[in-house]
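Colleague: Could you take me through one part of this model in some detail? I'd like the local picture and then the wider one.

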Amino acid sequence: MDANLARSSHEGTEGLLVLPLTHVEGSEGPRALSEGLRRLPGVLEVHVNGARKEVHLRYTRGAVTPSELAKAAERLGYPVGRAALRARIEGMHCASCVGRIEEALRAVPGVLEASVNPATKVASVAYVPGTADFAAIRAAVESTGYQTAHPLEQPPAPDQETAAHQREYKTLMAKFWFAAAVSLPTLLVAYPNVPFLYAPYLFANPVAEGVVWWLWALSGVVTLPVMFYSGGQFFAGAWAALRHRSADMNTLIALGTSAAWVYSTVALIFPRLFPQGTAEPFYDVTAVVTALVVLGQALEVRAKGQASQAIKKLIGLQAKTARVLRQGGELEIPVEEVEAGDTVVVRPGEKIPVDGVLIEGRSAVDESMVTGESLPVDKSPGDEVIGATVNTTGAFKFRATKVGKDTALAQIVKMVQDAMGSKAPIARMVDVVSSVFVPVVMILSILTFLAWFNFGPSPALAFAVVTAVTVLIIACPCAVGMAVPMSLVAGLGKAAENGVLIRNGQALQYAAQLKTVVLDKTGTITKGKPELTDAVPAPGFDEPTLVRLAASADRPSEHPLAQAIVKGAQARGLEPAEPSAFSAVPGHGVEATVAGRRVLVGNRKLMEREGIETYGLQGAVERLQGEGKTAMYVAADGQAAGVVAVADTLKEDSLEAIRALQKMGLEVVMLTGDNQRTARSIARQVGIETVLAEVLPEDKANQVHALKAQMGKGQKVGMVGDGINDAPALVEADVGFAIGTGTDVAIEAAAVTLMSGSLRGVAFAIEVSKATMSNARQSLFGAFVYNVLGIPVAAGVLFPFFGLLLSPILAGAAMAISSVTVVANANRLRFFKARSFTRAS
Amino acid sequence: MTLLVNLIGLALIALIVWYFFLYRKEGVQVTEAGGVQEINITVKGGYDPDTVVVKRGKPVRLHFTRLESALCSEVVVFDKLGQSARLPEGQSVALEFTPAEAGEIPFQCQMGMLRGKVVVT
């Protein structure tokens with residue numbers, strides 16, 4: 001039937017579509033699908049291929065579209081495998097070409113949906129991978145006379161964002177220089193008590209009233225463009241916010257600077273309206289405050305870019321091209337066009353373009369940029385390789401398994417970006433404050449005005465206006481609102497650089513509050529694989545002989561303990577011999593003939609059965625078992641040769657990491673399903689006192705729950721384990737740390753993913769979280785104190801006692817500095833170094 | 001004169017309290033097309049519209065278009081959903097979710113100065 005379908009696809013009005021399905025279940029399912037599809041108008045023939053998970057459709061073009069067919073399949077409960085890409089269309093100017101390009105794209109076999117956004121000149125295409133590809137899409141675009149270069153990456157490229165920030169910085173700096181240039185002469189007009197700089201003295205000394213008046217009037221005129229060019233965004237922002245019944249920093253600055261200008265102008269033109277001596281213009285405030293606040297914003301933009309540098313670095317790691325085997329040869333293609341299943345060639349020193357599995361050759365790969373692990377990792381066929389990591393000296397080929405947005409790097413970037421957009425619980429409290437902050441400041445400003453107007457010394461009106469304006473200008477909602485998010489961005493980025501992925505702000509805050517850390521034993525503290533640890537020879541044998549005998553006898557066995565002995569021997573440089581005869585004795589051990597000798601490896605029962613005297617080894621066996629190891633007797637030609645022991649061994653840095661955790665004041669608990677003796681032995685080696693052993697897998701979450709119940713307020717429990725077996729416990733814990741496994745980045749159950757398998761990541765995550773939270777608190781505290789002290793001082797509470805009044809210009813400077821300080825403080829996190837141990841990166 | 005100034009001041013305070021705190025605005029009902037409740041939201045000094053009303057159980061797609069360069073509104077955060085989106089200037093960015101139960105889903109800029117909400121009925 002397939003052949004028929006293929007032929008008919010060229011008949012013009014009839015179309016052929018092959019939809020890949022993500023799952024096809026049961027024998028009943030496909031029938032429901034094919035019947036459901038057959039009922040659609042325009043569908044001529046349906047064939048579901050369950051084995052290949054495909055549905056083949058023949059349909060009448062025009063009566064039904066591929067997109068509708070795909071949607072119909074999905075409605076019937078069969079999700080269709082689809083891919084999406086976005087491509088920029090070059091040279092598109094008119095909106096009318098949109099329709100033509102869309103039509104051409106939709107005509108490409110395998111394209112389900114296509115739309116072109118005339119504003120951004122970007123085509124978004126949903127297509128069936130395998131049927132359509134970027135080349136076909138490009139050809140379709142070119143058939144309409146336009147060009148398209150590369151598919152656009154999602155997320156937006158870093159340079160694009162950097163460019164936007166650059167532009168913003170440049171605009172703000174231009175605005176600042178203009179405001180500053182106007183500020184200088186207006187300042188010279190404003191201060192008669194600085195005689196040698198007082199501008200009117202240029203004309204006459206003593207000055208005539210008229211000269212001063214005209215100079216003020218000139219100041220007023222040149223200040224106008226400062227307000228509307230340099231400070232334009234304040235007015236636009238204030239107006240937009242006002243329409244939404246909200247108010248922000250823009251509102252305050254716009255109100256403050258315009259109030260100063262309006263008052264000055266009225267005072268200048270109609271001095272009689274005011275009581276004697278109060279008609280004092282102060283245009284200098286408008287110009288200087290605008291200049292300062294704009295400068296503050298510019299510095300903020302610059303500093304913000306630095307704070308999110310970590311993520312730019314991550315995106316920048318992506319390789320640009322890949323060398324794949326296609327059409328019988330090596331072909332260098334853009335990395336976006338690599339498909340899952342492609343064979344990719346990597347030469348020495350090259351970047352690995354996408355995720356995959358090594359199929360030929362071997363090498364060591366530097367994965368530090370993704371996992372934080374500083375030593376190159378050996379790779380041989382069957383091992384996973386991670387995109388964006390760097391090959392060292394060997395050459396190899398690998399099969400691409402994850403491309404585009406599925407690669408570990410893309411997932412990391414997405415996860416970090418999502419986390420940066422999330423909120424720490426502490427920020428929620430701040431939100432309540434910032435939502436009422438500005439209106440409250442406006443009310444305070446009016447109250448200040450009234451207080452000075454009613455009770456202030458003469459000239460009351462002038463004092464009232466100046467203090468009211470100062471209150472508006474000194475208040476800095478930005479510093480309050482920005483404190484936590486800025487620190488979060490910097491801290492999450494720092495963590496990601498070191499292979500620690502923190503899912504969101506809450507996880508980060510809780511990680512900083514951890515009191516107890518529960519560690520799973522197998523695979524977390526230990527390697528999770530048995531290793532040969534001891535060999536105790538009996539009298540008359542030496543250690544190498546013993547190990548070689550045991551390994552040779554065990555060589556044909558597939559038992560993990562036997563394999564551990566073989567590997568152990570190889571690691572000691574003892575190549576095991578091939579036994580001439582071999583048999584496994586179930587429940588006892590193995591029996592083999594090695595170089596003419598009859599060798600037995602197994603438990604005591606095997607030795608008893610064979611009548612071998614093992615009394616002399618009893619002490620050694622008991623000691624080894626006491627250490628939680630599995631001891632096995634070895635006998636040769638009816639005589640005991642010794643004991644070999646196998647155990648799950650510690651990861652190299654577990655001890656160091658657990659020490660670091662304990663030094664931070666955390667209680668470390670070990671949780672395992674293993675027996676008490678083995679558990680205690682491991683715990684002793686790493687210095688853990690609290691051990692919860694013989695816990696069934698399904699009870700692990702309950703144990704974590706019980707620990708949580710013992711915690712006080714603000715004390716959290718963390719759980720470290722692998723993302724699969726320990727998932728329920730990871731979810732139950734306040735912070736679940738999953739030990740990463742190569743390319744599996746987004747471990748759902750975990751709040752924190754450790755890309756390197758090392759426990760050191762836990763200590764690092766906690767330290768960086770603590771540093772981030774304390775950084776956020778500093779900024780937040782600083783911002784609160786600044787506002788709580790600054791606003792009353794601006795209102796003049798110190799005046800009755802000390803005769804002190806804050807100049808609005810100083811208020812503007814203080815405001816600009818306070819918001820820049822918050823960003824600068826967050827930037828300090830970039831230089832964070834874990835104290836518990838130094839990394840060699 | 002003094003009395004007048006005081007009265008104006010107090011009136012202004014009352015106006016601020018009413019305008020920013022007391023006034024309750026009505027939301028924009030989102031229409032459904034092709035099984036998805038879709039609406040465009042413009043971001044410029046605020047979210048326009050800033051209160052949208054949707055039905056629960058049906059997917060909601062909000063298209064945000066940021067028409068300003070101020071950094072404040074660069075990210076929109078749906079804290080309750082654990083979702084957020086970066087909004088490059090001039091580009092439409094879609095955010096999708098399916099509300100399961102009735103209630104309010106607030107959204108805001110990262111600093112909490114701009115706010116909006118999705119009312120689920």
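Is Ile8(B) buried, partly exposed or exposed, and why?

Modeller: Quick ground rules: this is a predicted model, so local features need pLDDT of at least 70 and side-chain atom pairs pLDDT 80 or more, while totals for chains, interfaces and linings use all residues. Residues are numbered from 1 along each chain as its sequence is written, chains are lettered from A and ligands numbered from 1 in the order written, and side-chain values use heavy atoms, leaving out hydrogens and water.

Ile8(B) counts as partly exposed because its relative accessibility is 47%; buried would be under 20%, exposed over 50% (1.4 Å probe, protein chains only).

Overall, 39 residues of chain B are in contact with 45 of chain A (heavy atoms within 4.5 Å). About 3,700 Å² is buried between them, 60% of it from carbon and sulfur atoms; buried area is the accessible area (1.4 Å probe) lost on putting two parts together, summed over both. Phe20(B), Met111(B) and Met113(B) supply 18% of what chain B buries there, more than any other three residues.
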